[in-house]
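Please examine the structure shown below.

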Amino acid sequence: MFDTLLIANRGEIALRVVRTCREMGIRSVVVHSTADRRSAAVLSADEAVQIGPGPARRSYLSAPAIIEAARQTGAQAVHPGYGFLSEDPDFAEICAANDLVFIGPRPDVMARLGDKATARALMSAAGLPVLPGSAGPVSSVGEAVEEAARIGLPLIIKAAAGGGGRGMTLVHDQRDLVPAFRQTRAAALAVFGDGRVYLERFWENARHVEVQVLGDDRGTVLHLGERDCSVQRRYQKLVEESPAPALEPDVAAGLTDTAVRGAAAVGYTGAGTFEFLVQGDEFAFIEVNCRIQVEHPVTELVTGIDLVREQIRVAAGLPLSVRQEDIVPRGVAVECRVNAEDPARDFAPCPGLLEEFTVPGGPFVRVDTHAYAGWQVPPDYDSLLAKVIAWAPDRAQALDRLDRALAEFRISGPGVRTTAPLIRAVIADPVFRAAEHSTSFLAERPDLGG
């Protein structure tokens, strides 16, 4: 096992990894920008190294600075968290070249699955159902028009190197296709440095359901059940729950079996998530996330398995500590993301000083956060303030418990707004309560929480 592990991330996920390291007797090192010098992760880690100024491209995305920090502190492994360099195969190779273990799948696996167009082709070849779409990236307007005629509308144009809900444009009308194609290519190039895009049929009123998998280098691949993440704004998740509600048992079993088959086909190791759209009894693969997910706590609460611990074990060359037959999900867990955003202003970020930040508690409530009273929410990063997760024997109790916890949350500061009121409105909505919602849920309710 590692003696020292460097965490190449920030915020709540950095603190989350620090805590598991401490339980495993591993010394933790956190890198940070000048904007995060008083962050909770910095204050909690065994050691912290400042690697650059606030802008992420000069700190959290700087591979040379992170490698140098690992060298200076004697770290043997790097945990990338989520976002930033977590799915960058080049960074994983740089780690290996510097005798550092990257905690994640092998770089070649990450490269193939990180390119969404390639991942579609790989999973189709492995026998997974995929949505109708282009065979690979579409390089010209003429090709886009031909492909759209073959695929049909509505369709979605996606950046091959995309992620985090960015680099996607929905097209309902043929007249919008060409400008949407050009706009998405330009945005993909600007955001990801890769202008390749592909086309995929869009299922309206579908649900977004994903499967958590774990793999080790002994060839073991197992699943930890599914999560429903259908409540989204601009393709970014706000509410996640496990197990997925109102899913027929044979559909749930089909999803988990399919995800394990896909992961085994590429020799997946570590923690990963296979994402699907579900419409009635049908489902189709959409992408793989080669990292720990923001919503991993709901799986941890229903299975009792520490996913970060399993990641670290596998990276250290140990086998998974559990077998498929050991994993028996129990009850229901629901997570919501409390972001420093104003839903009434199209979810505009609201950075600023947190004068009050009092987290909820009580039975079966978990709060993953890096924020505290007196902390200045920086404008440089993602607006996530906290994840509130509630567990209960059944879904109705879990939702009531989550609502109670959100009612206890006290967050205030000059100009600071959060998504907490919106989440409470979602939880109270009869369509959501009946588990009849889809990925269109928020778009169909523009006044909800506004």
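Strand β14 (residues 332–339) and strand β21 (residues 384–392) pair in the antiparallel sense over 8 bridges; two strands pair if DSSP finds at least two bridges between them. Within this pairing, Ala333 stands opposite Trp391 in β21. Strand β11 (residues 236–242) also runs antiparallel to β14, and 4 bridges join the two. Here Ser242 is the residue opposite Ala333 in β14. Strands (E, at least two residues) and helices (H or I, at least four) are DSSP runs, numbered from the N terminus.

In a regular strand the side chains alternate between the two faces of the sheet. Both faces of β14 are covered: Val332, Val334, Cys336 and Val338 are buried on one side, and Ala333, Glu335, Arg337 and Asn339 are buried on the other. Thus 8 of the 8 residues of β14 are buried, where buried means under 20% relative accessible area, exposed over 50%, and partly exposed in between (1.4 Å probe, protein chains only).

## Basis of the model

This is a predicted model, in which local features need pLDDT of at least 70 and side-chain atom pairs count only at pLDDT 80 or more, while totals for chains, interfaces and linings use all residues. Residues are numbered from 1 along each chain as its sequence is written, and side-chain values use heavy atoms, leaving out hydrogens and water.

## Aromatic pairs

The structure holds 9 aromatic pairs. Rings of Phe, Tyr and Trp (its six-membered ring) pair if their centres lie within 6.5 Å; planes under 30 degrees apart count as stacked, over 60 as edge-to-face and the rest as tilted. Phe274 and Phe285 form a tilted pair, 6.2 Å centre to centre with 55° between the planes. This pair joins strand β12 (residues 270–279), which holds Phe274, to strand β13 (residues 282–289), which holds Phe285, 11 residues apart.

Phe285 also pairs with Phe276, edge-to-face, at 6.3 Å centre to centre and 80° between the planes. Phe274 counts as buried because its relative accessibility is 0%. Phe285 is buried at 0% as well, and Phe276 has a relative accessible area of 0%. Phe274, Phe276, Phe283 and Phe285 form one aromatic cluster.

## Two packed helices

Helix α4 (residues 89–97) and helix α5 (residues 107–114) pack at an angle of about 175°, with their axes 8 Å apart. Axes are lines fitted to C-alpha atoms, for helices over the stretch in contact, and angles run from 0 to 180 degrees between N-to-C directions. Therefore α4 is roughly antiparallel to α5, as angles over 145 degrees count as roughly antiparallel, under 35 as roughly parallel, 65 to 115 as roughly perpendicular and the rest as oblique.
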